Amino acid sequence: MVFHGIGTSVEHDGPLFLDYYKERCPLAEEIVRRSVAIAVAKDPRMAASLLRLHFHDCFVLGCDASVLLDSYGGIVSEKQAGPNLDSLRGFEVVDEIKYHLEEACPTTVSCADILALAARDAVALRGGPSWNVWLGRRDSLEASFSGANQFIPAPNSSLETLIANFKQQGLDVGDLVTLSGSHTMGRARCLSFRQRVYDVNFRGKYELYDKYKRYTTFRRMLRSICPKSGRDNELAPLDFQTPARFDNHYYLNILQGKGLLGSDNVLVTQDHDGEILKQVWAYASDQKLFFASFVKSMIKMGNINTLTGNQGEIRKHCRFVNA
């Protein structure tokens, strides 16, 4: 399902274009799509990893591929920051895509645009929507290790903190709820959901209503994967129902208290005026509505602080600034 022209209703800060590479590098989108398809066929989890790379990039300095830079010279890599260390993946896939693009069209397609295109293709390959990506981003000349520690939402964040995080990026509460739906695929480490499993306050909210012990069973299962200490890197699916599919099951899960991360469940438990709950119910009962909203929010996110024109550069290799 392609949402044609849906981007026209989205405001743009900089001059991004829909057919940016049509003349410059006609096969650019096809090269990215083919490489992502091969990577996801080998490792279905890679779809979620590529989507997350774009998100973690855009939330630090903007969508400028700063997340891809390795530590070198005066640059301290964002890969070493708390939210990314031993957690972000997909860098080799981006290297592979860049290699093919450099062969086809040297120093033409930016690493930042690769991330935006790969995120779109990853979602579409797992059954989600497809959309036209606005292109023409340039690559940053710097990374921000401190920004990565500061601006990327933590898995145990309160709703108030999440709203503030998104607001800093020009994204509203609606975008927060919509983009959280990315957690319909992929897996998270025990380190990211341990607090949510053993937190007494969290448990109490659901056990009051847990007539059939469904939530208690779910918690028991999570505890078997993630003990109180040790096994930090043990993985659990973010969506136990359809872990490899991009669908609206995330919203069904959080309505039952079965979001894996604390930051998933607070959308429901800490929403005191009920506005978010209305949106969650709407998405849980209408996948088409969720898909259309997701496309709009992804386009909006892909426009955060983009470098265009003569700003930044087109990196020859995504891990290093040009010599």
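View 1. Helices here are DSSP runs of H or I with at least four residues, numbered from the N terminus. This is a predicted model, in which local features need pLDDT of at least 70 and side-chain atom pairs pLDDT 80 or more, while totals for chains, interfaces and linings use all residues. Residues are numbered from 1 along each chain as its sequence is written, and side-chain values use heavy atoms, leaving out hydrogens and water.

**View 2. The N-terminal cap of H15.** Look for aspartate 286, which caps this end with a side-chain oxygen 3.2 Å from the backbone nitrogen of lysine 288.

**View 3. H3 meets H15.** The two helices pack at an angle of about 45 degrees, with their axes (lines fitted to C-alpha atoms over the stretch in contact) 10 Å apart. Leu51, His54, Phe55 and Cys58 of H3 and Phe294, Met298 and Met301 of H15 make the contact, meaning heavy atoms within 4.5 Å.

**View 4. Serine 66 in its loop.** Here we are between helix H3 (46-58) and helix H4 (91-104). Serine 66 is buried, with a relative accessible area of 0%; buried means under 20% with a 1.4 Å probe, protein chains only. The side chain of serine 66 makes a polar contact with that of glutamate 78 at 2.7 Å. Such a contact is a pair of N or O atoms within 3.5 Å, one able to donate a hydrogen and the other to accept it.

Technical notes:
Buried < 20%, exposed > 50% of the residue type's maximum accessible area, 1.4 Å probe, protein only. Axes fitted to C-alpha atoms, helices over the stretch in contact; angles between N-to-C directions.
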